[in-house]
Every structure is written in C-alpha cells, then in structure tokens.
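Reader: Please walk me through this model one feature at a time. I would like the general idea, then the case at hand.

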Amino acid sequence: IPFDFSAGETFSSQSSGFRGIFVLQQRSFLPPAVGNWLRYNGSVFRRLPIRVMEFVSALVIVAAITLFYRNIITVNQTTVALTYLLAILAVSTFWGFTVSAFMSVVAMLAFNFYFLPSVGKFTISDPQNWAALVAFLATSLIASRLATRVRREADEAQQRRKEIERLYAFSQQLLVSGNVITLLNSIPNHIVESF
C-alpha cells in the first residue's frame, strides 16, 4: 500500500503501529477529501486512549479479513474461520484477553453474516452451522485466554530473571569486597541501585 507516515511523527510501541493508520498522508490512490480528512483528524485520533485504539484496531482487522475473503479471494468457511482465529490469537498475545474476547464476538458475527448460509442475515438455516459457530467462539475465547496467560507467565519469568541477576551482582560485590567498613558503606548504595 503506498502510504507513508507524516514527517516527524512518533508512535508509541504499545499501540503496535496501528495508531499510525490514522495519521497517514494522502497518496495517489486516495481522493483529496479522504487525505485531508486523515490529516485533519490525525490529532483527534492521537489523543484517544491506547485502549480504545486497540478495540478500533481489532474491528479494522476483522473488517480487513472479511473484505479480503469476500471481494478478493473466494475460499471455504473453514479457511475464513481459521484466519479469524489466527488474528484473534495474535491480538490476544499483544493486547490481552479483553480485546481478543471483543474481537472473537465481532469475528463470530461477521462469520455468521458473511460466510454462513443464509448469507447476509444473522439467521442460520443449518443446525450444523450453529455447532460450527459455537465451536468457533469457544475456541477463540479459550485460545485467547491461553495466549494471554502464556504471555503473562513469560513476563513474570523475565521479571524474576532480572531480580536474580540483580541479586547475583549484589552477592558478587559482597564477595569481592575485602574491607568490612567499605562493604558496610557500599551495601546501602547497591541496594538502592538494585531495587
């Protein structure tokens, strides 16, 4: 896509780059009105809390997958469901369970409306499709919960590793020091530096 970011803009790493979507400059394929709207409203979008931007980005991801499979490539329902599930797992890894649960419900509704018979309605004609829809929602929620849990445990393990490294450095300093008075004077400083 021939977009480039506005000159001098910086983006938070917490938003994983999706905030940049709203401050893109106009290029050749955008009408001038759309490019002007993006530039004008870029400051408004930058002021929104990051959490709101995560929910909006989840909606954009579901819409992009839906449009891709509806307009560009025609595939079977299983491929669509697995693509939604893969996107939900990625979102749960980066943004947590709340956003991925919201995305799971939106993806389930989009899957029902656009890909399950009767297409274009929120009704399901075949009872097997009810089972597929419930299985999709349950799988996406359970998988998002597990991915969030794994990420949290990895963060906790990283934090414990850093604490152990600090304690190891502190113990090394205690062993190296030969003078008791120097050791007693350096302990409070090292504790302040470490913790």
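Author: Leaving aside neighbours within four places in sequence, threonine 148 is in contact with Ser92, Gly96 and Phe97; contact means heavy atoms within 4.5 Å. This is a predicted model, where local features need pLDDT of at least 70 and side-chain atom pairs count only at pLDDT 80 or more, while totals for chains, interfaces and linings use all residues. Residues are numbered from 1 along each chain as its sequence is written, and side-chain values use heavy atoms, with hydrogens and water left out.

Reader: Is threonine 148 buried or exposed?

Author: Buried means under 20% relative accessible area, exposed over 50%, and partly exposed in between (1.4 Å probe, protein chains only). Threonine 148 has a relative accessible area of 13%, so the residue is buried. Its place is in helix α5, residues 127-176.

Reader: How many helices and strands does the protein have?

Author: Helices (H or I, at least four residues) and strands (E, at least two) are DSSP runs, numbered from the N terminus. Here there are six helices and zero strands.

Reader: How is the packing of two helices described?

Author: Two packed helices are described by the angle between their axes and the distance between the axes. Axes are lines fitted to C-alpha atoms, for helices over the stretch in contact, and angles run from 0 to 180 degrees between N-to-C directions. For α2 (residues 50-72) and α3 (residues 77-95), the axes come within 11 Å and cross at roughly 160 degrees.

Reader: What orientation do α2 and α3 therefore have to each other?

Author: Angles under 35 degrees count as roughly parallel, over 145 as roughly antiparallel, 65 to 115 as roughly perpendicular and the rest as oblique. The pair α2 and α3 is therefore roughly antiparallel. Residues meeting across this pair include Ile61 and Ile65 in α2 and Val80 and Val91 in α3. The contact of α2 with α3 divides into 10 nonpolar, four polar and two charged residues; Ala, Val, Leu, Ile, Met, Phe, Trp, Tyr, Cys and Pro count as nonpolar, Asp, Glu, Lys and Arg as charged, and the others, Gly among them, as polar.

Reader: At what angle do the axes of α2 and α4 cross?

Author: The axes of α2 and α4 (residues 97-115) cross at roughly 25 degrees and come within 10 Å. That makes α2 roughly parallel to α4. By class, their contact has 14 nonpolar, two polar and three charged residues.

Reader: What share of the protein's residues is buried?

Author: Of the 195 residues, 30% are buried.
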